[in-house]
Amino acid sequence: MKVTQQQWPLDRMLAERRHVLAQWPMGRGVDLEEAIAYHRQLPPARNAALALARAREEGRVLIQPRAGVALLEEHIALLRHLQEKGGADLLPTTIDSYTRNRRFSEADAAITESRERGRSMLNGFPGVSYGVGGCRQVVEAVERPVILRTATPDFRLGAEIMLAAGFTGHTHGAMGDLAYTKDTPMEEIIHNWQYIDRLVAYYEAMGCPISREHYIPLCSVVPPGLQIVVTVIDGLLQMGQGAYHCLLGYGQNGCLYQDIASLRVMREMGEEYAARLGYGEAMITTSLHQWMGGFPKDEARAYSIICAGAAVAAWGGASMTIVKTPDEAFGVPTKEANADGCQATRMMLTFAAAVGFPVGAELETEMAMLRLEARAVLDRVLDMGEGDLARGVVAAFQAGVLDIPFSPNRHNRAHVMPVRDGTGAFRYLDPGDIPLPREVLAYHRERVARRAEQEGRPPSYHMTIADIYALSKGLTLGTGAHVG
Amino acid sequence: MSVILPVSMQRWPEDYFHARRREVLATWPTGAQVDLHEAMAYLRTLPPHQSSALVLKQAAAEGRAVMQPRAGIALIDELIQVLQELQEQGGADLLPTNLDTYTRENNYHLAELGIEESKKQGRNMLNGLPVVNYGVEGCRRIRAAVDRPLVIRSGAADSRLVMEVAWAGGYSDVPCGGIIMPTSHHKKVSIADSIRYWQYVARLGAWYTERGWPINHEVFGGLSGTLVPPSICLAYVIIDSLIQAAQGIKHVSPGYTATCHLVQDVAGVRMLKRLADEYMARFGFDDVTATTTFYQWMGAFPCEAAQGMALICWNTMAAVLGGATQIVVKSYQEATGLPTAQANAESLRATKSVMTMLANQRLPDSPELLEEMHYIELETRAILDRVIELGNGDVVLGAMAAFESGVLDCPFSCWLPIANKVLPARDASGAIRFLDPGNLPLPQESIDYHRARLNERARQRQVPLNYALTVADVVAVSEGRLIG
């Protein structure tokens, strides 16, 4: 399978649609023209793309929690609670694992079982099983835009059904999927997401904008320069298909100045490369994912991470933040804990946005280094595809020019090793074959060496491993001892 | 020697001090237990890490912050359990003992009834520990049961007997201030009496310090706890630091109250340290170690626990980024009454976790920060220099005259003799400004600046610039907003 950056001709998408909709009986309920008419009668306040564009214009940060359960009425009750008690601006619908893996009959069975046992037997909402009609009940039961949250190499049918039902946001793209699939080749993943992007572009062309949201797996422990590169690539791939509402997500790592710098540079790079590739009309917004690593079991410590994340979202100019909950460490949170996370986030956003975060030398240096790194890698990827981004991405992964640490995908080289420096910022312990400019590499080496000296031990992957678990233990650095 | 010396900044002569001691110790039977030389022999057996002064000094040298919660109940065995929980589960670096209201009013008879009632009813009937009633032996029981330095937390006008008992019993710290306590806690006390009471306490602390058990004097910067402009806070605590230092103390920790404006708070803490050192040196107290204490929000707290947590985390960011040495921690149950030990410990852990995440980072210099520091410095110097001038170099006499003329003033004080002419309000970024500076001797540059910043807010909100802003600001934080 060969992929290119070119927008699919409409005929190609329509031809492929027939096969996609035939995957499962619920696919027959999708009528694209009827869906467009349905979207057109939804009030603008229920459109995620418009809400995000407006938030960007007004300099506000929207709040979105995560939630999804097996039973329709329970899911609706959950979203209403998050809307009313949590004050969420955007409402999530996280998809269960069976549906993500297209095991629709097992999802159906789990719905029945959930009803019998009186509790959710799925880790998300099986949107395909409920079909267009069921999903519209969700959209109509709440007053905020509803976002479809999933990650899987092939969610084409789910996208067809849920977008037709009035969902106006859809997470993930090809790069973001690399943590969720072991064997699927890069070309196939890109192809499947291009289908969804092309479908979104169709809605958009008909006056029904849909927000496409990207972030990469384990983003919080990936060096921010690499997060920026890979997430911007997902954004550019979507734009190639004509989908222009692009939300770029960054994962908080807990280092205040690096988190702020990264969010700011992510939007800059998104805009710069969108313009360079001829997608100047794209509406680019950013979001902050509160710490995506292991959470502390202690609610108090969990709150501190949530609060720091919220402050960073405001100071980094994000238009949205994805909220974690004080119960995060224990699995799917209760609706109360979820609303608490939203409330704490809201208060921090209000305070941090009013006050602002002054730019000092540290922040400026970090931003300058991130720009250097992002441009060097993105330019190399484009070169490798001779100007075609999609082809460049495939070649870059083969060559290790793109390489995502900790990804389980076997087509990812996995030579990159991150580590924190003494201030908690993520650096490259080993950049693998990523073409870092010499200045950036020297900056990272110097910062890591300073930590090694402080701790009196050489930098090694032992530090990396400890760093990944540190925040869940109430530490920033994996030093084995409390800092401060 | 029964003649009372006229109040002044002079160090009390040794025999005068001991004559006053005899009077104080005679006011309640447990006073007879206090024997300074026996106490000194006991204190020499305690490890240095149980001295608050030494713990703060070391933290300051290492650029770390330490945490102190607040706690106090009627029965000593129960208090010991609470303190142990705060030490073990909360990770408190210093352990508090708040006094009950009867003891603060020197009404030891009623305090005794409170102890008996608590025992009889099996529940806590006092809002703190009646230290005097338990005497030196009681304090030593607490000392033996925990391992951190012990601090009396008292807003009393007259804590002389309390401190006699507590310091002989192994405590090593107290929030103090002869000019501060009337402003913050007392309607009617005479300023001369209040200054004398705290000079006594300082003189007593100096006695122990000089003999090898260093006592810390936390100068209480909480004041009215309600929209206190930073320069007022700084002027008050530096004056009281000087008054205390004149009695021979060697460890002072002037306090700063959170405004909830990150940049203003960082500026306030940094300027407090700089000006405290400078004025101490100017009066020849170069050998006094000055650390800084940061109080999390002293105004009304929100009722929602999640918002309370957010407020605690928000304040901690400012304290750490400003380089404060000690953080006095609130609890997320602040709005609803005395916190449970568990809630108190959780609030400590949230505070600690933010400290850890920030990894001893400081807010770097920026135009916004330098501007804020400039005005705080300008105003604090103007008030301090005028006070010194009014007393012809005697800060006690100067402060007394300054209160009469309104050169010293504080908004929302309960003390009847205060001028009460100052009115604060928040500007558009949430910083506390002077809506009306009353008779404070502020330079015109400063008055114009505050006025301009407030005008910005009034323009943005399209509201008139008057006390209605102040009223709205007083309740805003408790409702989850920074600006009213």
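Author: In this predicted model, the centres of domain 1 and domain 2 of chain A lie 26 Å apart, taken over C-alpha atoms. The domain assignment puts domain 1 of chain A at 10-355 and domain 2 of chain A at 363-473. The two domains touch. Domain 1 of chain A brings 45 residues to the contact, and domain 2 of chain A brings 37 residues.

Which elements give two or more residues to the side of domain 1 of chain A that touches domain 2 of chain A? They are helix H9 (186-205), helix H10 (224-240) and helix H11 (256-276) of chain A. H10(A) gives the most to that side, with 11 residues. By class, the side of domain 1 of chain A that touches domain 2 of chain A has 32 nonpolar residues. Nine polar and four charged residues complete that side.

Next, the sheet in chain A. It is open and has eight strands, paired in parallel. The order is E1-E8-E7-E6-E5-E4-E3-E2 (chain A). Strand E1 (62-64) and strand E2 (91-94) of chain A stand at the edges. Each has a single partner strand, so one side of each is left without a neighbour in the sheet. From one strand to the next, the twist averages 25°. Strands of a sheet pair through backbone hydrogen bonds, either parallel or antiparallel.

Strand E4 (residues 169-171) of chain A runs parallel to strand E5 (residues 211-214) of chain A, and three bridges join them. In this pair, A:Thr171 stands opposite A:Glu213 in E5(A).

Now the partner chain. The contact between the chains takes 35 residues from chain A and 38 residues from chain B. On the side of chain B that touches chain A, four helices of chain B each supply at least two residues: helix H12 (262-282), helix H13 (305-322), helix H14 (341-358) and helix H15 (367-390). H14(B) provides the largest share of that side, 10 residues. By class, the side of chain B that touches chain A has 20 nonpolar, 11 polar and seven charged residues.

Last, confidence. Chain B averages a pLDDT of 97, and 100% of the residues score at least 70. For the complex, the predictor gives an ipTM of 0.93 and a pTM of 0.95.

Technical notes:
Residues numbered from 1 in each chain as written. Chains lettered and ligands numbered in written order. Predicted model: local features only at pLDDT ≥ 70, side-chain atom pairs only at ≥ 80, totals over all residues. Contact = placed C-beta atoms within 7 Å. Nonpolar A, V, L, I, M, F, W, Y, C, P; charged D, E, K, R; others polar. Pairing = 2+ DSSP bridges. Axes fitted to C-alpha atoms, helices over the stretch in contact; angles between N-to-C directions. Domains from an automatic or database assignment. pLDDT = per-residue confidence, 0-100.
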